[in-house]
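Hi everyone, thanks for coming. Take a moment to look at the slide, and then I'll walk you through it.

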Amino acid sequence: MSKLFIDEVTGAGVIQFSPANTSADFTTWDDNGLYWRTAPSDVLQGEVLGNLIAEDGNATLGIIYLNDSYGTGLAKFTKEAFESAGGEVVAEQSYNTGDTSFDAQISAVKAENPDAIAIIAFEETKTIVPGLAGFPSDKLYFVDGNLADYSADFAPGTLTGAKGTLPGLDTAKLGDFTDRLQAFVKDEGGEPLKDYSYAAESYDAVILLALAALQAGSTEGADMAAQLQSVSGGKDKGDKVTTFEEGAKAIADGKKIDYDGNSGPITFDENGDPTEATIGIYQYGDDNKYTRTN
């Protein structure tokens with residue numbers, strides 16, 4: 001989606017800041033230094049996922065993935081990591097946005113009898129998983145795009161033992177942050193949040209933009225962009241701050257800052273990518289809900 005308008009946005013001198021874009025393509029995009037993200041590149045998640053599948057004792061792997069920059073990139077990096085760990089990817093099947101039937105892809109993957117299957121998808125997972133009936137659920141692997149609460153979608157036990165990866169810190173340990181999110185949603189009349197995927201990254205994106213504007217003394221895109229790496233601690237190492245209030249006070253006092261937020265240390269590089277990231281590993285229980293294991 002971002003590729004459809006990134007040139008228009010950054011070409012107009014406006015910052016495009018994503019808390020959830022993970023495609024590796026954005027690292028080298030010609031964006032005039034105006035594209036930034038708090039979500040780590042799929043290079044990192046693919047490496048963790050591929051190694052996880054290998055470490056679980058699987059020698060062969062089948063991959064079903066969405067045929068877009070997200071899916072193809074994550075499939076590529078997962079394959080590279082898995083094969084570097086000594087495994088073999090025996091089947092790779094893609095599907096296109098809008099597809100409603102995945103019988104051909106499922107049949108082709110199952111025909112190769114892989115030890116494990118990685119599903120790199122979004123909502124389509126609700127259709128793909130039933131088609132894999134009979135395949136051991138503890139040999140299924142998900143990613144951030146489809147790591148979700150499926151308790152209302154599948155019969156109990158459907159996903160028991162399945163695993164997945166998701167960038168970000170353990171939200172279960174961010175009690176104050178998640179409590180405030182739920183309170184905000186309630187005040188706005190919304191339904192309670194069921195998961196917090198990229199919530200911390202979204203929050204930190206806003207704080208970093210605000211701090212960059214303060215340090216630049218300007219809300220012009222190029223001026224703010226010139227300060228984003230600095231306020232993240234990516235250069236000119238400054239005082240550690242963990243809230244907007246702390247950062248704003250330090251900037252007002254003429255100090256350099258290093259903002260570490262709810263998503264962890266961001267520390268941007270010159271491409272606008274975070275140089276540090278935490279990739280969590282999650283596992284499903286009998287209730288088709290996931291919990292963090294590492």
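Predicted model: local features only at pLDDT ≥ 70, side-chain atom pairs only at ≥ 80, totals over all residues.

Residues are numbered from 1 along each chain as its sequence is written, and side-chain values use heavy atoms, with hydrogens and water left out.

Okay, pockets. On a 1 Å grid over the protein atoms alone, a pocket is an open set of points where a 1.4 Å probe fits, with protein on both sides within 12 Å along at least five of seven lines, and lining residues have an atom within 4 Å of a point. For volumes, grid points are joined across faces, edges and corners, and we take the space filled by probe spheres set on the points.

The largest pocket comes out at about 460 Å³. What lines it? There are 18 residues, with Met1, Asn21, Asp68, Tyr70 and Phe122 nearest the centre. That lining splits into seven nonpolar, seven polar and four charged.

The second largest pocket has a volume of about 320 Å³. Its lining has 23 residues, and Thr171, Asp195, Tyr196, Tyr282 and Tyr290 lie nearest the centre. Strand S7 (163-167), helix H7 and strand S12 (290-292) each give two or more residues to that lining, and S12 gives the most, with three. Those labels are DSSP runs numbered from the N terminus: helices are H or I, at least four residues, and strands are E, at least two. By class, this lining has ten nonpolar, six polar and seven charged residues.

Now, stay with H7 (residues 199-216), which packs against H9 (residues 244-252) at about 10 degrees, with axes 10 Å apart. Axes here are lines fitted to C-alpha atoms, for helices over the stretch in contact, and angles run from 0 to 180 degrees between N-to-C directions. So H7 and H9 are roughly parallel; angles under 35 degrees count as that, over 145 as roughly antiparallel, 65 to 115 as roughly perpendicular and the rest as oblique.

And H6 (residues 175-187)? Its axis comes within 11 Å of the H7 axis, crossing at roughly 85 degrees, which makes H6 roughly perpendicular to H7. Phe177, Arg180 and Leu181 of H6 make the contact (heavy atoms within 4.5 Å) with Ala199, Ala200 and Tyr203 of H7.

Note on methods. Nonpolar A, V, L, I, M, F, W, Y, C, P; charged D, E, K, R; others polar.
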